[in-house]
Amino acid sequence: MESGVKLASAVPRYAAGMAATVCSCPRNQLCPACHNQALMWFGGKACSRGIAWAESVARRQPALLRQAWPGHEGRAAELARIKVRDLSDDPSVIDVPARDVSEHAARRWRQPQAQVALRG
Ligand SMILES: [Zn+2]
């Protein structure tokens with residue numbers, strides 16, 4: 001019956017947070033459990049958004065393909081943050097997927113397929 005009890009006693013606070021379907025922690029200051037869960041979920045989002053970002057830039061400004069994708073700093077970092085801003089109200093949570101977005105965009109940018117997107 002109570003299969004979650006053993007786990008919960010090992011790491012009480014953490015497991016309790018994980019087990020809750022709806023956590024009551026503030027959305028702009030997530031508890032560790034929600035924070036971790038959010039980061040896992042963001043991983044996939046950051047990947048697809050990074051790829052889409054690189055492809056859309058390649059489509060709109062094909063001349064830029066001759067240059068390297070900018071690093072995660074300055075305006076590029078700002079844009080990356082905007083790409084994932086809707087995912088969380090917690091600024092400390094947004095940093096991680098924002099970096100992922102930049103990384104995936106850069107990776108996509110280096111692939112020859114980025115130019116295939118121009119034709120689509
Ligand atoms: Zn929580």
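**Reading a helical model: faces, core and confidence**

Guide: In this predicted model, the residues of helix α3 that are buried are C34, F42, A46, R49, G50, I51, W53, A54 and E55. A residue is called buried if 20 or more other C-beta atoms lie within 10 Å of its own, exposed if 12 or fewer, and partly exposed in between, with the C-beta atoms placed from the backbone. Helices (H or I, at least four residues) and strands (E, at least two) are DSSP runs numbered from the N terminus.

Visitor: How should I read the residue numbers, and what do the confidence limits mean for the features we discuss?

Guide: Residues are numbered from 1 along each chain as its sequence is written. Because this is a predicted model, local features need pLDDT of at least 70 and side-chain atom pairs count only at pLDDT 80 or more, while totals for chains, interfaces and linings use all residues.

Visitor: Where in the protein chain is confidence lowest, and where is it highest?

Guide: The score to read is pLDDT, the predictor's confidence in each residue, from 0 to 100. Here the protein chain averages a pLDDT of 80, and 74% of the residues score at least 70. Confidence is lowest in helix α1 (residues 5-10), at a mean of 42, and highest in α4, at 96. Over residues 1-20 the pLDDT stays under 50, and for this stretch the model has 12 contacts beyond four places in sequence, a contact being a pair of residues whose C-beta atoms, placed from the backbone, lie within 7 Å. Where pLDDT is low, the predicted coordinates should not be read in detail.

Visitor: How far apart are the end C-alpha atoms of α3, and where does α3 bend?

Guide: A helix can be compared with its expected span, which is 1.5 Å times one less than its number of residues. The 29 residues of α3 should span 42 Å, and its end C-alpha atoms are 40 Å apart, which agrees. Helix α5, with 20 residues, reaches 29 Å from its first C-alpha to its last, close to the 28 Å expected.

Visitor: Which residues of α4 are buried, and which are exposed on the other side?

Guide: An α-helix has 3.6 residues a turn, so residues three or four places apart point the same way. In α4 the buried residues are A80, K83 and V84. Seen down the axis of α4, they fall within an arc of 85 degrees, so they line one face of the helix; the arc is that of the directions from the helix axis to the C-beta atoms. On the other side of α4, G74, R75, E78 and I82 are exposed, while the buried residues of α4 pack against α3 and α5.

Visitor: How many residues does the largest nonpolar core have, and which have the most contacts inside it?

Guide: A nonpolar core is a set of buried Ala, Val, Leu, Ile, Met, Phe, Trp, Tyr and Cys residues joined through C-beta atoms within 7 Å. The largest one here has 16 residues, and those with the most contacts inside it are A54, V84, A98, V101 and A105. The elements that give two or more residues to this core are α3 (32-60), α4 (74-84) and α5 (91-110). Leaving out residues up to four places away in sequence, V101 touches A46, R49, G50, W53, A80, K83 and V84, and A98 touches A77, A80, R81 and V84.

Visitor: Why does H104 count as buried, and why does G44 count as exposed?

Guide: H104, in helix α5, counts as buried because it has 22 C-beta neighbours inside 10 Å. Leaving aside residues up to four places away in sequence, H104 touches A46, C47, G50 and I51. By contrast, G44, found in helix α3, counts as exposed because it has 11 C-beta neighbours inside 10 Å. Even so, G44 and P97, which are 53 residues apart in sequence, are 9.1 Å apart in space, C-alpha to C-alpha.

Note on methods
Two residues are in contact if their C-beta atoms, placed from the backbone, lie within 7 Å.
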